Amino acid sequence: MEYHRPSSFAEAAELAASAKGVTRVLAGGTDVLVQMRADIVIPDTLIDIKSIEGARDIRQEDDGSWTIGAAVAGAEMSEHPALCAAWPGVVEAMDLIGSTQVQGRATLVGNLCNASPAADSVPALVAANATVSITGPKGHRRAAAVDIPSAPGKTTLTPGELITAVHLPAAQPGQGDAYLRFIPRTEMDIAVVGCGVWLRLEGDTIAEARVALGAVAPTVLRVQACADALVGSALDTAALERLATAASDACAPITDKRGTIAFRTQVAGVMARRAAEIAYTRAKGDTV
């Protein structure tokens, strides 16, 4: 196995493009190293990006948006007060991944590129309308986070491309976001259903909404029908019922050892309701 520690993302992309066999990028390593130890994947080429300038940075841009480097750990996000205040749903989704030790290494980009349907951070990123920066042999491009996973374990990245950062929009007045999941145990388990919700209020009325569901389809779903159920309401009982129905209707899950199709479908509606209530409370300026 060849181990590389490039000094720039351009160099990393060149290495990835020219590599033969199985290539993996090492940011936090909570997926790659586990797969290596279990003999699931043994890379021919391992590209360590942790030392690249900016890869470990959390930065608020002049327009209020956020840039989170590819190697920023979940613990670093949780310890950033301004980011927590602006995007609590995204931070709490990342904070649910693994143990305290895992939090010291796990990254948003790794969770996104692992492309698990049950990834906790991805529904929150989709609800936040997050984008990513991508560097590859043909240069740089931006893409929506929702467009990166294409199937379980697969992404839309082309050979040689790698994600260098995640971008969150500037927080707007009257916005709130939240992420909830259902798991069989109290911690360190994989989501049976996850739901991210983002709302923007004008007065008490929801003016904009985004809802994303995880673990109920091959990829995370952004469900427009759920958003439509909320917009124009003050999150009354009727709106919550419409939301729950739309969330359940959008599901296309499988039955596995963590839950049946029927169970996941029902729980999706429950999680959507609860996450929307938290997001609404935050949008009103109350602390949750």
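**Close-up views of a predicted model**

View 1. Val197 is buried, at a relative accessible area of 0% (buried is under 20% relative accessible area, exposed over 50%, partly exposed in between, with a 1.4 Å probe and protein chains only). This is a predicted model, where local features need pLDDT of at least 70, side-chain atom pairs count only at pLDDT 80 or more, and totals for chains, interfaces and linings use all residues. Residues are numbered from 1 along each chain as its sequence is written, and side-chain values use heavy atoms, with hydrogens and water left out. Val197 sits in strand β12, residues 193-202 (strands are DSSP runs of E, at least two residues; helices are runs of H or I, at least four; both are numbered from the N terminus). Setting aside residues up to four places away in sequence, Val197 touches Ala127, Gly176, Asp177, Ala178, Arg210, Val211, Ala272, Ala275, Ala276 and Ala279 (contact means heavy atoms within 4.5 Å).

**View 2. Met77 in the largest nonpolar core.** This core has 54 residues, and Met77 and Leu168 touch the most other members (a nonpolar core is a set of buried Ala, Val, Leu, Ile, Met, Phe, Trp, Tyr and Cys residues joined through side-chain atoms within 4.5 Å). Elements giving two or more residues to this core include α1 (9-18), β5 (66-69) and β10 (162-168). Beyond its neighbours within four places in sequence, Met77 contacts residues including Ile58, Leu83, Met94 and Leu108. Another core, of 32 residues, lies apart from it; Ala209 and Met271 are among its members. In soluble globular proteins, nonpolar side chains tend to be buried together.

**View 3. Helices α10 and α11.** Helix α10 (residues 237-250) packs against helix α11 (residues 261-283) at an angle of about 140°, their axes 7 Å apart (axes are lines fitted to C-alpha atoms, for helices over the stretch in contact; angles run from 0 to 180 degrees between N-to-C directions). So α10 is oblique to α11 (under 35 degrees is roughly parallel, over 145 roughly antiparallel, 65 to 115 roughly perpendicular, the rest oblique). In α10, residues including Leu240, Leu243 and Ala247 take part in the contact; in α11, Ala268, Ala272 and Ala276 are among the partners.

**View 4. Two residues with positive phi.** Most residues other than glycine have a negative phi. Ala115 has a positive phi, near 60°. Ala115 lies in the loop between α7 and α8. At 3% relative accessibility, Ala115 is buried. Leu235 has a positive phi of about 55°. Leu235 lies in the loop between α9 (224-230) and α10. Leu235 is buried too, at 12% relative accessibility.
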